[in-house]
Amino acid sequence: MAAAAAAAASSETKITVNATDTDSTSSDFDYSQRSQWLRAAVLGANDGLVSTSSLMMGVGAVKSDVKAMVLSGFAGLVAGACSMAIGEFVSVYSQLDIELAQLKRTRAAAAANEEEDVGAAANLPRPVQAAVASALAFSVGAVVPLLAAAFVVGHRARLGAVGGAASVALVGFGGVGARLGRAPVGVSCARVLVGGWLAMAVTFGLLRLVGSSTGL
């Protein structure tokens with residue numbers, strides 16, 4: 001009986017220790033490790049959505065033709081995705097060069113063992129991954145206003161559909177980014193939504209003014 005009780009107590013202790021280790025591991029998870037792809041994806045989606053929506057609404061301010069809006073939006077999608085990919089690749093590659101130089105200096109100053117070397121290399125930024133994530137996310141964001149405008153006949157209704165779809169998508173992207181990054185959801189959604197509204201309003205107003213003054 002005493003041996004059985006001791007074995008049961010030992011198994012309970014092991015289970016408790018394992019549970020504690022699991023809880024500690026999950027609570028100590030570093031969410032900043034997600035920033036390499038999360039930052040590029042969220043920024044790319046927001047940029048694609050806001051820039052394409054603003055461009056289409058600006059064109060819609062002076063042109064009532066649906067083809068002009070859709071073609072301008074598609075051109076903005078292609079150009080923006082390429083621009084985001086190239087810019088992200090150059091930016092992250094520069095960061096990689098800096099961190100590699102710092103890693104070499106650290107290894108020269110203190111003889112690091114193989115495990116430390118692997119850990120340091122695993123945390124280095126990946127330019128290609130960041131560029132692809134940024135371009136794909138930009139395309140996903142840019143598709144939203146294109147789809148909203150393509151199936152609406154009336155001009156005013158089309159502008160409202162683009163603005164409404166962009167607003168809903170902005171809230172969704174802001175919420176997803178906040179949840180993945182463990183940031184306040186309400187504040188993130190409001191910040192992204194207000195920023196998108198400002199960009200669309202400025203573009204629409206300026207092109208409307210230019211169109212009315214030039215007779216377009």
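## Basis of the model

Local features of this predicted model need pLDDT of at least 70 and side-chain atom pairs count only at pLDDT 80 or more, while totals for chains, interfaces and linings use all residues. Residues are numbered from 1 along each chain as its sequence is written, and side-chain values use heavy atoms, with hydrogens and water left out.

## Overall fold

The protein chain has seven helices and zero strands, and its pattern along the sequence is α-α-α-α-α-α-α. Helices (H or I, at least four residues) and strands (E, at least two) are DSSP runs, numbered from the N terminus.

Of the 216 residues in the protein chain, 30% are buried. Buried means under 20% relative accessible area, exposed means over 50%, and partly exposed lies in between (1.4 Å probe, protein chains only). The accessible surface of the chain is about 12,800 Å², and carbon and sulfur atoms account for 68% of that surface. These areas come from the Shrake-Rupley method with a 1.4 Å probe, and for residues only the protein chains shown count as cover. Among contacts with a separation of 6 or more, 80% are between residues 24 or more positions apart; a contact means heavy atoms within 4.5 Å.

## Helix α6 and V162

Helix α6 covers residues 155-181 and includes V162. At 1.5 Å a residue, its 27 residues should span 39 Å, and the end C-alpha atoms are 39 Å apart, which agrees. The expected span is 1.5 Å times one less than the number of residues. After α6 comes R182, with a positive phi near 55°.

The buried residues of α6 include R158, L159, V162, A166 and L170. V162 counts as buried because its relative accessible area is 0%. Leaving aside neighbours within four places in sequence, V162 contacts S53, M57, M69, P145, A148 and A149. The C-alpha atoms of V162 and A148 are 5.5 Å apart, although the two residues are 14 apart in sequence.

How many aromatic pairs does a search of the whole structure find? The search finds one. The ring centres of F89 and Y93 are 5.4 Å apart and their planes are at 45°, so the pair is tilted. Rings of Phe, Tyr and Trp (its six-membered ring) pair if their centres lie within 6.5 Å; planes under 30 degrees apart count as stacked, over 60 as edge-to-face and the rest as tilted. Both residues lie in helix α3 (residues 66-109), four residues apart, or about one turn of the helix. An α-helix has 3.6 residues a turn, so residues three or four places apart point the same way.

F89 is partly exposed at 32% relative accessible area, and Y93 is partly exposed at 39%. S72 is also placed in α3, but S72 is buried, at 15%. Beyond residues up to four places away in sequence, S72 touches L55, M56 and V59.

## Cysteines

The structure has zero disulfides, a disulfide being a pair of cysteine sulfur atoms within 2.5 Å. C82 is partly exposed, at 45% relative accessibility, whereas C189 is buried, at 13%.

## Annotated regions

An unreviewed UniProt entry annotates residues 68-86, 130-152, 159-178 and 190-210 as "transmembrane region". UniProt positions follow the numbering used here, feature names are shortened, and annotations may be inferred rather than shown by experiment.

In the model, residues 130-152 are 91% helix and 0% strand, with end C-alpha atoms 35 Å apart. Residues 190-210 are 100% helix and 0% strand, with end C-alpha atoms 30 Å apart.
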